[in-house]
Amino acid sequence: MTEVLLFVGLLVAVFVGYNIGGATTGPAFGPAVGANVITKLMAAALMSIFFFLGAVTIGPNVVTTLGEELVHTTEIFTLQANVAVLFFIGTALFIGNYAGVPASTSMTAVGAIAALGFATGELAWDVLGEIAVWWIVAPIIGFWVGGIIGRYFYTRINEWVAIEGTSGGRQMITVDRSGVAPRLQFGDDATRREITGAFVVVGIGCLMAFSSGTSNIANAIAPIYGADVDILEVFGLGDPGTIAGVEADMLLLIVVGSIAVAIGCFTIARRTLDTLGNDITNLPLTAAIVVAVIASGIVIGLSWIGIPASFVVIATMSIIGLGWGRATRTTTISDARQGEETRVSVGALTADEEGEPSPEIGEEEPEDIPKASDLFDPSTTARVILMQNVVPLISTVGAFITFRFIPIFGL
């Protein structure tokens with residue numbers, strides 16, 4: 001019976017990983033795909049590789065937090081319970097992916113596991129409180145870092161960037177397979193500066209994929225890891241040990257989860273790539289690069305200390321902060337002290353074209369700064385915000401009701 005339940009649990013974990021791949025590829029490579037720098041196929045391949053690298057290096061820290069520390073005892077992580085937890089995580093994420101919205105996988109997973117602990121009276125409130133505090137603090141950090149960069153450094157960065165979306169569906173970077181070994185090929189009219197910029201935006205996507213792996217692998221495998229079952233022994237694969245400092249059971253789960261993520265990257269991720277690359281925003285690639293670096297850095301830092309983090313929420317606040325800082329460039333600090341009003345808008349990010357010279361603070365006129373409606377598509381933005389709140393709620397409420405009122409799980 002244990003083998004059957006474990007097999008079912010692994011299948012559900014694969015389903016969760018599949019949906020994580022669909023939910024996280026869009027935020028990482030949406031800007032590069034939307035600007036026709038790379039194809040969706042290349043985005044999926046890069047996402048799969050760098051997600052695994054993040055999962056196998058820093059990811060175990062977050063797996064330990066969700067699988068061992070968020071509840072007081074792992075005894076409530078029976079195989080029946082972990083199948084149910086993963087089912088609610090996977091179902092909620094699938095709803096978000098079907099809607100083409102990259103919901104927060106960390107919030108969805110933490111909600112389901114915390115609901116299990118709360119329903120059984122085993123929730124570690126101190127650990128949940130620490131996670132919640134960081135969920136509040138991290139977006140604030142993203143906002144202020146974005147604000148400082150927007151006010152003092154954004155226009156200078158914008159001078160260095162020269163990446164524009166290509167027309168006619170032509171990709172700037174493609175793979176030439178005509179020779180013995182595949183090689184990268186660039187657009188015929190691409191300049192060296194544009195090629196360098198293309199590599200930068202793709203490199204940032206790889207950084208985001210790495211950061212996603214550090215945090216999100218736990219959402220797929222933590223419940224099974226928390227069940228405290230010797231997976232290798234159950235399937236007759238040998239005694240569990242450690243490989244390169246990682247428990248063999250955890251490493252096996254990371255590999256299985258990463259393969260599932262890769263499947264999601266190559267299939268369902270196409271919907272979120274369209275949403276993040278084309279539908280939601282006209283965010284310039286300069287801003288997209290800055291936001292990606294800020295959000296990825298914060299997520300990797302939190303993962304290092306074992307805190308699951310929402311890249312989507314941090315990135316959103318970074319965009320707002322970057323636009324706020326950019327808008328305040330119309331006013332010097334001395335003018336602000338004298339009470340001069342500053343018009344603040346995230347639409348400020350579209351005020352400069354990539355490569356334009358940097359104006360000095362106080363030289364720009366408020367009329368030169370676009371409105372937020374020039375940056376965001378209101379209907380798509382509303383749908384994204386709605387689903388990002390609904391998806392974790394579905395996972396949390398569904399799990400709580402199940403574990404609180406359905407005795408079949410023996411909790």
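Q: Into which class does Val137 fall: buried, partly exposed or exposed?
A: This is a predicted model, in which local features need pLDDT of at least 70 and side-chain atom pairs count only at pLDDT 80 or more, while totals for chains, interfaces and linings use all residues. Residues are numbered from 1 along each chain as its sequence is written, and side-chain values use heavy atoms, with hydrogens and water left out. Buried means under 20% relative accessible area, exposed means over 50%, and partly exposed lies in between (1.4 Å probe, protein chains only). Because its relative accessibility is 31%, Val137 counts as partly exposed.

Q: How much accessible area do the residues of the nonpolar surface patch have together?
A: A patch is made of residues with over 30% relative accessible area and no salt bridge, where nonpolar side chains (Val, Leu, Ile, Met, Phe, Trp, Tyr) are joined within 5 Å and like charges within 9 Å; a salt bridge is a side-chain nitrogen of Lys or Arg within 4 Å of a carboxyl oxygen of Asp or Glu. Val137, which lies in helix α6, belongs to this nonpolar patch along with Val133, Ile136, Ile140, Ile141, Trp144 and Val145. Accessible areas come from the Shrake-Rupley method with a 1.4 Å probe, and together these residues have about 590 Å².

Q: Into which class does Glu69 fall: buried, partly exposed or exposed?
A: Glu69 has its place in helix α3, where helices are DSSP runs of H or I with at least four residues and strands are runs of E with at least two. Since its relative accessibility is 40%, Glu69 counts as partly exposed.

Q: How far apart in space are Ala55 and Phe210, C-alpha to C-alpha?
A: Ala55 is found in helix α2, and this residue counts as buried because its relative accessible area is 0%. Although Ala55 and Phe210 are 155 residues apart in sequence, their C-alpha atoms are separated in space by 7.6 Å.

Q: How far apart in space are Trp160 and Thr286, C-alpha to C-alpha?
A: Trp160 is found in helix α7 (residues 154–160), and at 64% relative accessibility Trp160 counts as exposed. Trp160 and Thr286 are 126 residues apart in sequence, whereas the C-alpha to C-alpha separation in space is 9.1 Å.
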